[in-house]
Amino acid sequence: MRLYRLLFITGLSVFALVGTAQAAVYGTLQSETLLQTEGKEPVIKEKGDVVNIVSKEEGKYIVTLEDESTYEVEEEAVQILGSLTKATAEDTKVRVAASPEADIIDFLDAETVVLALERQDNFYKVKLEDREGYIYKSQIDETDLELLPYKKTVVEKPIEQKTYIGEEVVNYAKQFLGGRYVYGGNSLTTGVDCSGFTQQIMKKFGVSIARSSRAQYSTNGYRVSVDNILPGDLVFYGTNGKTIDHVAIYAGGGQIIHASDAKSGIKMSKLYYGKPMIGIKRVLD
C-alpha cells in the first residue's frame, strides 16, 4: 500500500510518495510565461503555476510540467518554493533555529519526507505540514538541493594581511635613529658600529649573522640584485668598490638605515649615498 503525505506550500499542495519520492525542486512562475522547446508546441502557463526544476544551465532553469514535458525558462521567471527530500537518520533532530545549540522541536524517523526551503549555514530550513524547523545537513538527503537559496550568516573574520618581515625589521631599526656610533660596539642603546647595528637588529628577529661586515657578506644569506632589493636586505659598501668596509639595512624607497660614523651616528641615507656599493644580501626568509 502506498502512503502519501500532503505538504502545504504557501497555499499550494504537493503530494510526495513517502519512502520512494525522488528529490524534486518546485517553483512557481512569477508571471504568465510562454514555455518553448524544440519539437513541441509552445505552452502558456499562468502566474503561480507550479513547475518542477530539473537543473540550471546558463541562467535558465530546465523545468518539467505535469505531463513530464521539458522546457527552458529564464531564471528570474521562477520563484523557488522548495525541494522534496527526506530525513536520513533515525531520530533526525528538527531544531527551532539553524544552530546545534537551538532547542529541538521534533524528532523524525528516517525516510520521513520534508520540504527543504533553503540552506542556512550547515542547516536546512524545512517545512513539516504546519510548522517549520531546521535539520543539520548530515541528517537530510542533500541530493539535488544545490538549487535552493543559500544564506550564510556565520561571519568569517577577514584574513589579516601580514606585513613582510623586512618592513618590521626596518620599523624596529628606525627606533634607534640618532643613536651613537661606537666602533666595536654591540649595544643598540649605548653604541654600535655598522655591522654591530645590523647584527643586533637581525638578532631581534631570530636571525643570527656574523659580527663583521665582510663576514656577513661572505657567509650569511644569499645575493640579490638591486632590481630585486627589498626592505630588510643588507647592503654592503667599500671605499674602493672592492673591499667591504661598511654595511647598512635597506629601508625601502631608495633609502638605507645604518650606523654611519662617529659624527652622525645611526641615520637614514640614500641607497647611493657616496660610498660605492659592492653587493646586496638577503638574510630574511
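Predicted model: local features only at pLDDT ≥ 70, side-chain atom pairs only at ≥ 80, totals over all residues.
Residues are numbered from 1 along each chain as its sequence is written, and side-chain values use heavy atoms, with hydrogens and water left out. Local features need pLDDT of at least 70 and side-chain atom pairs count only at pLDDT 80 or more, whereas totals for chains, interfaces and linings use all residues.

The largest nonpolar core holds 26 residues. A nonpolar core is a set of buried Ala, Val, Leu, Ile, Met, Phe, Trp, Tyr and Cys residues joined through side-chain atoms within 4.5 Å. Buried means under 20% relative accessible area, exposed over 50%, and partly exposed in between (1.4 Å probe, protein chains only). Ile53, Tyr61 and Val73 touch the most other members of this core. Two or more residues each come from β3 (24-29), β6 (50-57), β7 (60-64), β8 (70-74), β9 (78-86), β12 (113-120) and β13 (123-128). Strand β13 gives the largest share, three residues. Helices (H or I, at least four residues) and strands (E, at least two) are DSSP runs, numbered from the N terminus.

Tyrosine 61 has contacts, meaning heavy atoms within 4.5 Å, with Ile53, Ser55, Lys56, Tyr71, Glu72, Val73, Glu75, Val78, Ile80 and Leu147. Residues up to four places away in sequence are not counted in that list. A second core of 25 residues is separate. Its members include Tyr172, Val207, Ile209 and Ile249.

The structure holds 10 salt bridges. A salt bridge is a side-chain nitrogen of Lys or Arg within 4 Å of a carboxyl oxygen of Asp or Glu. Lysine 60 pairs in this way with glutamate 72, at 3.7 Å from N to O. Lysine 60 lies in strand β7 and glutamate 72 in strand β8, 12 residues apart. Lysine 60 also forms a salt bridge with glutamate 74, again with 3.7 Å between the closest N and O atoms. Glutamate 74 is likewise in β8, 14 residues from lysine 60.

Arginine 211 sits in the loop between α2 (194-204) and α3 (213-219), and aspartate 193 in the loop between β17 (191-192) and α2. They are 18 residues apart. Arginine 211 is partly exposed at 26%, whereas aspartate 193 is buried at 7%. Through shared partners, salt bridges join Lys60, Glu72 and Glu74 into one network.

The second largest pocket has a volume of about 230 Å³. On a 1 Å grid over the protein atoms alone, a pocket is an open set of points where a 1.4 Å probe fits, with protein on both sides within 12 Å along at least five of seven lines; lining residues have an atom within 4 Å of a point. Grid points are joined across faces, edges and corners, and a volume is the space filled by probe spheres set on the points. The lining has 16 residues, and Tyr181, Tyr183, Cys194, Ser213 and Asp245 are the closest to the pocket centre. Two or more residues each come from α2, α3 and β21 (255-259).

Helix α2 is largely enclosed by the rest of the structure, because nine of its 11 residues are buried. These include Cys194, Phe197, Ile201 and Met202. Just after α2, glycine 206 takes a positive phi of about 75°.
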